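Here's a quick briefing to read alongside the model. Have a look at the fold first, then work through the points below.

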Amino acid sequence: MSERKSGATAFQSRSLVLFCITTATFTDLVAYSVAVPVLPDYATRFHASPTTIGFLFASFGVTLLVLSIPMGAISDRVGRKGPMMVGLGLLATATLACAYAESLLMLFAARLLQGAADGMTWIVGFAMIADLYAPEERGRAMGLAMGGSTLGIIIGPVIGGWLYEIGGIRLPFLFVAAMAVVDLLVFAAVAPATRGSGVSTPMRRVLTHRPVFICALVVIAGGGTIAMLEPIIPLLLHARLGLGPASIGTLFGIASIASTTMHPIYGRLSDRWGGRRLMLVGLIGSALVLPLLSFAGDFKTAAFAMVPMWMVFSMIVTPSLAYMAEVASAAGFESYGVVYGVYNMAWAVGLMVAPALGGFLFERIGFEPLSIGWGVLLVAIGVVLARLKT
């Protein structure tokens, strides 16, 4: 009997829960990024301009924005496991809808549903991590979760490009839908049931706390930069270098491998030096590396440009996750659901505004002026963060 109890305790340890959360968010990122290398096909098939493709990517952020705060509050009140399972079910449904989309309208609807699924999995997942880990170890845990999750960014474009060439545009989405179903079943079997507190921190109190607001501003900038580049880079590389879906997917995979290796490192550095300092370095570094892609002349030089870009971008993301929990804990907030709802809401604003704005500007002024102007904006936000009194 004691052996069974010991086995059950190990089975439901926080490390296992961390693994389940990472698997869920990993699947979500695969679903998000699998469409990147097939964007030229969508543009041709539905006669979509770069601006329209930008709006397509931006639509993901609409439902993410709308549902972030409510989902955070719900998970505070009823517990984490149920909302996570609902989110994975929505993810499978949305990805199937992408596979069988016959019009831009249906494709937009599928991306909206994906945004809803993202809002559930990420908010609930990182609230669970904040629940389970002490402040001095949250950076490490969140860095590990981000490192594992962002493998989805690596696998998504790669399998999107290669499966497209093997079996057409439906095969990548069918594969990812199957992943989501398997992940749902594993999470249901492995993750322990949790009870909510029955209460949640009021959204207004969270949003009006200055450090939380500024952290959210940094998240908008960091997430928006990545989201702006995801639809633009495939179009840029296809037009300038003649690269196809498989080559574009491989480039994103190479860059994401570099980014993934940095997340655990940045997590540990956040515990040691503070998330705010790393976020500031990440903002300035991102502004400096953005124009690098302008000098790419072939596949190899494009890879050399994208790798440092993605490595620096992750210096904004991982520290911001730990810093959000840090400032919320210092402010005495009772629970983390709404806090990470605000975080995801900020991420959603970046996802919703940046791709549409980036596509619009890319079509009219080109990549070089866009990258320089965007860098100036990142530096300005870095100045706001540097002036924050802690």
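Six helices, α2 (14–33), α6 (104–132), α11 (210–241), α12 (245–273), α14 (299–330) and α15 (337–365), each put at least two residues into the lining of the largest cavity. Keep in mind that this is a predicted model, where local features need pLDDT of at least 70, side-chain atom pairs need 80 or more, and totals for chains, interfaces and linings use all residues. Numbering runs from 1 along each chain as its sequence is written, and side-chain values use heavy atoms, leaving out hydrogens and water.

**The cavity**
- The whole structure has three cavities of 30 Å³ or more, a cavity being a set of points on a 1 Å grid over the protein atoms alone where a 1.4 Å probe fits but cannot get out.
- The largest cavity holds about 440 Å³, the volume being the space filled by probe spheres set on the points.
- It has 28 lining residues (an atom within 4 Å of a point), and Leu-29, Trp-122, Met-146, Val-317 and Trp-347 sit closest to its centre.
- That lining splits into 18 nonpolar, seven polar and three charged residues.

**An aromatic pair**
- Five aromatic pairs turn up in the whole structure (ring centres within 6.5 Å).
- The rings of Trp-122 and Phe-126 have centres 5.4 Å apart and planes at 10°, so they count as stacked (planes under 30 degrees apart).
- Both residues, Trp-122 and Phe-126, belong to helix α6, four residues apart, or about one turn.

**α8 against α9**
- The axes of α8 (residues 151–167) and α9 (residues 170–190) come within 7 Å and cross at roughly 125°.
- In this contact (heavy atoms within 4.5 Å), Leu-163 and Tyr-164 are among the α8 residues, with Phe-175 and Val-176 among those from α9.

Terms used
Axes are lines fitted to C-alpha atoms, for helices over the stretch in contact, and angles run from 0 to 180 degrees between N-to-C directions. On a 1 Å grid over the protein atoms alone, a cavity is a set of points where a 1.4 Å probe fits but cannot get out, and a pocket is an open set with protein on both sides within 12 Å along at least five of seven lines; lining residues have an atom within 4 Å of a point. Ala, Val, Leu, Ile, Met, Phe, Trp, Tyr, Cys and Pro count as nonpolar, Asp, Glu, Lys and Arg as charged, and the others, Gly among them, as polar. Rings of Phe, Tyr and Trp (its six-membered ring) pair if their centres lie within 6.5 Å; planes under 30 degrees apart count as stacked, over 60 as edge-to-face and the rest as tilted.
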